[in-house]
Amino acid sequence: MAEPKKQHHAFEAEVDQLLHLVAHSLYSHKEIFLRELISNAADALDRLRFEALSDDGLYEGNSDLGIRIEADEGARTLTISDNGIGMSRAEVTDNIGTIARSGTRAFLRSLGEEKQSEVSQIGQFGVGFYSAFIVADRVTLVTRRAGGKQGTCWESDGRGGYDISWVNSAPRGTSVTLHLKEDESEFLEDYRLREIVKRYSDHTPFPIRLQSRDDKGQPTGDWDTANQATALWMRPKKELSDEDYCEFYPHVAHDPNPPLAWTHHRVEGRNEYSLLLYLPSKAPFDLADPDPQHGVKLYVQRVFILDEPDKLMPRYLRFVRGVVDSSDLPLNISRELLQNNRTLDTIRSACVRRVLDLLENLSSSQEEVYAEFWEEFGRVLKEGVIEDIGNQARILKLSRFHSTQADEDTPKVTLDGYIGRMQDGQEKIYFLTIDSLSAARRSPHLEVFRQRGIEVLLMTDPVDEWAMDWVREYEGKSFQSIAKGELDLPGAESKEKSGEEPDGDPLCARIQEALGDEVEAVRRSSRLTDSPSCLVRGEHDLSPAMRELMRRQGQILPKPKLVLEINPDHMLLQRMQADEGRFSEWARWLLDQAILADGGALDDPGGFVGRMNALLASSPDPESGEAEA
Ligand code: ADP
């Protein structure tokens, strides 16, 4: 039978331009061509499945739908074939080689006029069928529409135009043969192809088959499936068991530990997408890194698009793993376009909402599991009070704190619990940010609170101080650092008021005079019961730990405005006042010991030790009974 006549067609100008870009751009991920062709094949299978719903004759007796990938080393070709819907000759000319039906036009259009220049970066993007020309210098496509008689062959070297001809006995569906460029031999190698299929198309819901190989790497004539072939997240929740979710987790999370919990939803309506999000049970090694390697993967119609943590989750939820699969985003969406995509914004806030819902559920119904979560990830979640003001209240509600009233049963408390325990007339939530729990236990700032039984939250994470600076209130209650500013305790006739005018207090005035500009002010304390003195910072001054951190980062900080509070009833202050000759040494010692108790470092530790020893050496002999004087 004579070879049917070939017809030559010229490409549309835009296609020609695009193909030139595709063939000549530098690619960091050339292998995406395979993802694109597999995705086209999967679409064709989906469409056949759909059309066969009303006409199962379209199956032509074969409903085992799948994709095959076959490398021919001798011919240096790679063929991707499907037994899907296929194309008629008219569809081929409409779809391939023109820009009209291709995602390419939408892609060009979506760049917008002002962004024309970005077309030059097209090499970074998937470009559907045309991406075959990244690795091939000639592409042959043979296709026959399901139910059709004759097939069509389309062939092009990607320059100027294509040839089209009839084919008499073509199988149903489409096969695309890439004649690989000289330096693209890697795409003939079995292991490389399997690796790419695994990476990008593991959950393409059709089997992707490669030829089985024997020990010597020779094809055996059989085919085996290289992907999992199920998109777990697309399956209805009620069909899935906990085991299914747990089995799937490592594929998506790169985490060998079992997941702690998950949330799975299919959203329909204006935006259609599925999400399956997991909470890991263990923090990954790079949790502290604000730009981790993995996050929530974005799929479009079951095709893997990207795994860039900050695209789908805000930083404070960077520990979340899983999949979002959108039906609305274009498959060849670029990274740039993802930045300002409204569909993606909607999905992103839905993801945040779902994760917070999951955490709330966990915290109310499985307190112990939630406690485990908080130990691993609480310090990251807390960053959200700054990063996501809109969800601040929800995040605060989810937060757990050490407290002066925590005990073995409830090692950490909630803000709601705190509010429930507030004393009559107490307006504020009191907290102390401090280096460690052991330092907190000895902090002079806590003395009066302990004495009066008022609860104080103890915050020991570096992020706490920074975060608390942003938080104004929770459930109508404001927050008060007990180490900053002035205290107004419930029902107290404030002793401090008198301290507001240090000039009016001769003892304070003398100490102030002795210390010069080392301190901003000296006043009588309403905080202290057992300690002789303590330091109080201005409302917005930083703690010593925070100052040290910033100093190491090379920041120059203004001298903090420190107030020295004294406890005139303390035995040592009584003694100080009786020891006129060394009043200024006593004053200096009062300041130094307050700095130390505050977790600060002394400029002159040797001087402190010397003064301290001198004061101790001269302390009256207890046997003389003077100590009580
Ligand atoms: P997109 O897939 O974004 O529409 P492509 O350039 O990849 O753009 O493909 C253009 C069109 O060609 C597709 O929309 C589809 O109609 C058709 N097509 C491509 N590959 C196949 C295939 N394997 N089977 C059937 N039709 C296909």
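Buried means under 20% relative accessible area, exposed means over 50%, and partly exposed lies in between, with a 1.4 Å probe and protein chains only. This is a predicted model, in which local features need pLDDT of at least 70 and side-chain atom pairs count only at pLDDT 80 or more, while totals for chains, interfaces and linings use all residues. Residues are numbered from 1 along each chain as its sequence is written, and side-chain values use heavy atoms, with hydrogens and water left out.

Select cysteine 534, which is buried at a relative accessible area of 1%, and then cysteine 351, which is buried with a value of 0%. A search of the whole structure for disulfides (pairs of cysteine sulfur atoms within 2.5 Å) finds 0.

**Salt bridges**

Turn next to the salt bridges, each a side-chain nitrogen of Lys or Arg within 4 Å of a carboxyl oxygen of Asp or Glu; the structure holds 37 of them. Select arginine 144 and glutamate 60, whose closest N and O atoms are 2.9 Å apart in a salt bridge. Arginine 144 belongs to strand β4 (residues 136–144) and glutamate 60 to the loop between α2 (32–52) and β2 (67–72), so this pair ties together parts that are 84 residues apart in sequence. Helices (H or I, at least four residues) and strands (E, at least two) are DSSP runs, numbered from the N terminus. Arginine 144 is buried, with a relative accessible area of 9%, whereas glutamate 60 is partly exposed, at 37%.

Move on to arginine 527 and glutamate 565, a salt bridge with its closest N and O atoms 2.8 Å apart. This pair links distant parts of the chain, 38 residues apart, with arginine 527 in the loop between β20 (521–524) and β21 (533–537) and glutamate 565 in strand β22 (residues 562–566). Both arginine 527 and glutamate 565 are buried.

For a network of salt bridges, select Glu73, Asp190, Arg194, Arg213 and Asp224 together.

**Two crossing helices**

Finally, select helix α18 (residues 506–515) and helix α21 (residues 583–597), whose axes come within 9 Å and cross at roughly 85°. Here the axes are lines fitted to C-alpha atoms, for helices over the stretch in contact, and angles run from 0 to 180 degrees between N-to-C directions. To see where they meet (heavy atoms within 4.5 Å), show residues including Leu507 and Ile511 in α18 and Phe583 and Leu591 in α21.
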